[in-house]
Amino acid sequence: MNVERAQDLIGTPVFDSNGDRVGRVGNVYVDDVTHQPEWVTVRIGIFGVKETFVPLNGATTEENRLELGVPRDRVKNAPRVEAEHGHLSDQEGRDLYHYYGLGQGEPTGPDEGEA
C-alpha cells in the first residue's frame, strides 16, 4: 500500500478479523526507514475519542472499509501509546509489535555490514 492511498484511509470504517465493526481510522503512521504505511490508529468507543494503534500488517482494504488481521478485543486492549510529534518511539514500536505478536525487522542503515 502506498502512502497516498494509505492517507485516503483516514475516516474509513474498520472491521476486525471476524468482520465485526471496531471503529474508524484516525491517522496513518509511516515507517521512518521504508517510508511505507505501517500502523493506523483506530478511533474506538461511543464517541470515538480513544485511539489505539493497530498494525497494517495482515490488513486488507475493500471499498470504503479496512479489515484488520486481528480481533476486536486485541484492538480494544492494546497498550495506550501517545505518539509525540507524529512518531512512535523505538520502544513503543517494539512494545506494539510484541503485543500484536509480530516480528519486527530491525532497520538497516547504509553503513551496516561494511567493514
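A: Start with a turn. In the hairpin of E1 and E2, glycine 19 takes a positive phi near 90 degrees. There are 5 residues between the strands of that hairpin. Keep in mind that this is a predicted model.

Q: In what sense do E1 and E2 pair, and over how many bridges?
A: Pairing is read from bridges: two strands pair if at least two bridges are found between them. Here E1, residues 13–15, and E2, residues 21–30, pair in the antiparallel sense over 3 bridges.

Q: Which residue in E2 is the bridge partner of phenylalanine 15?
A: Arginine 21 is that partner.

Q: How many bridges join E2 to E3?
A: The count is 6, and the two strands run antiparallel. E3 covers residues 37–44.

Q: Which residue takes a positive phi in the hairpin of E2 and E3?
A: Histidine 35 does, with a phi near 60 degrees. This hairpin has 6 residues between the strands.

Q: Now the whole chain. In what order do the elements run from the N terminus on?
A: The order is α-β-β-β-β-β-β-α-α. That gives 3 helices and 6 strands.

Q: What percentage of the residues is buried?
A: Buried means under 20% relative accessible area. In this chain of 115 residues, 32% are buried.

Note on methods: Residues are numbered from 1 along each chain as its sequence is written. This is a predicted model: local features need pLDDT of at least 70, side-chain atom pairs count only at pLDDT 80 or more; totals for chains, interfaces and linings use all residues. Side-chain values use heavy atoms; hydrogens and water are left out. Helices (H or I, at least four residues) and strands (E, at least two) are DSSP runs, numbered from the N terminus. Buried means under 20% relative accessible area, exposed over 50%, partly exposed in between (1.4 Å probe, protein chains only).
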